[in-house]
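This briefing accompanies the sequence and model shown below.

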Amino acid sequence: TAFLLALALMMTIFACVLLKDNKNAWPLLPWLFYIFVPVPAIACIKKGNDSLFTSNDSHMFGNNLGYFLVGLFVASGPAMILVQYHTEMISLGAMFLCLGSTVLLGCSGGLLVLSIRPAQDHSF
């Protein structure tokens, strides 16, 4: 996971180098959204709730708010990249590097989540 994270950051830095003008930090802006992805998950989503919508759970509003905010931050990163390309703030190559960085960052986060799950006890 550390290799994927380092590769994602390196691709974003390469996207910054591809820009011709002095405002070459624009590809770093979506990383602000990526940094805040785990915050609502830690703060709002309660453990032990298997279903997304339960009618008798007292933490239903907090869980749903947490899921909404996680989805908002996850979708805002790639959307920001596409908006930057549409307004010609970044070039086509920088856009593809940033989107590739997003994919690698998502894979890194997914592997991190899968690796911290408790191991199943298979002893007899």
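What percentage of the 124 residues of the protein count as buried? The model is a predicted one, and in it 28% of the 124 residues count as buried. The protein has five helices and zero strands, so that, by the DSSP runs used to assign them, its pattern read along the sequence is α-α-α-α-α.

**Overall fold and surface area**

**Nonpolar core**

- The largest nonpolar core has 14 residues, and Ile-81 and Ile-90 are those with the most contacts inside it.
- Helix 1 (2-18), helix 2 (30-35) and helix 5 (92-115) each supply at least two residues of this core, and helix 5 gives the most to it, with five residues.
- In soluble globular proteins, nonpolar side chains tend to be buried together.
- Leaving aside its neighbours within four places in sequence, Ile-90 is in contact with Leu-19, Trp-26, Pro-27, Ile-81, Gln-84, Tyr-85 and Met-95, a list that includes Ile-81, the other residue named for its contacts inside the core.

**Gln-84, a buried residue of helix 4**

- Gln-84 lies in helix 4 (residues 60-86), and it counts as buried because its relative accessible area is 1%, where the limit for buried is under 20%.
- Not counting residues up to four places away in sequence, Gln-84 touches Trp-26, Pro-27, Leu-29, Pro-30, Met-89 and Ile-90; Trp-26 and Pro-27 are also in the contact list of Ile-90.

**Cysteines**

- With a disulfide taken as a pair of cysteine sulfur atoms within 2.5 Å, the count comes to zero disulfides.
- Cys-16 is in no disulfide, since the nearest cysteine sulfur, that of Cys-98, is 6.9 Å away, whereas the cut-off is 2.5 Å; for Cys-98, likewise in no disulfide, the nearest cysteine sulfur is that of Cys-16.
- Both cysteines count as buried, Cys-16 at 9% relative accessibility and Cys-98 with a relative accessible area of 3%.

**Nonpolar surface patch**

- Leu-9, Met-10, Ile-13, Phe-14 and Val-17 form a nonpolar patch on the surface, and together they have about 450 Å² of accessible area.
- Val-17, one of the residues of this patch, lies in helix 1 and is classed as exposed because its relative accessible area is 61%, where exposed means over 50%.

- Glu-88 lies in the loop between helix 4 and helix 5, and its phi is near 60°, a positive value in a residue other than glycine.
- Glu-88 is exposed, with a relative accessible area of 71%.
- Ala-79 lies in helix 4 and is partly exposed, with a relative accessible area of 36%, a value between the limits of 20% and 50%.
- Ala-79 and Leu-99 are 20 residues apart in sequence, and their C-alpha atoms are 9.8 Å apart in space.

Conventions: Residues are numbered from 1 along each chain as its sequence is written. This is a predicted model: local features need pLDDT of at least 70, side-chain atom pairs count only at pLDDT 80 or more; totals for chains, interfaces and linings use all residues. Side-chain values use heavy atoms; hydrogens and water are left out. A nonpolar core is a set of buried Ala, Val, Leu, Ile, Met, Phe, Trp, Tyr and Cys residues joined through side-chain atoms within 4.5 Å. Buried means under 20% relative accessible area, exposed over 50%, partly exposed in between (1.4 Å probe, protein chains only). Helices (H or I, at least four residues) and strands (E, at least two) are DSSP runs, numbered from the N terminus. Contact means heavy atoms within 4.5 Å. Patches are made of residues with over 30% relative accessible area and no salt bridge: like charges are joined within 9 Å, nonpolar side chains (Val, Leu, Ile, Met, Phe, Trp, Tyr) within 5 Å. Accessible areas come from the Shrake-Rupley method with a 1.4 Å probe; for residues, only the protein chains shown count as cover. A salt bridge is a side-chain nitrogen of Lys or Arg within 4 Å of a carboxyl oxygen of Asp or Glu.
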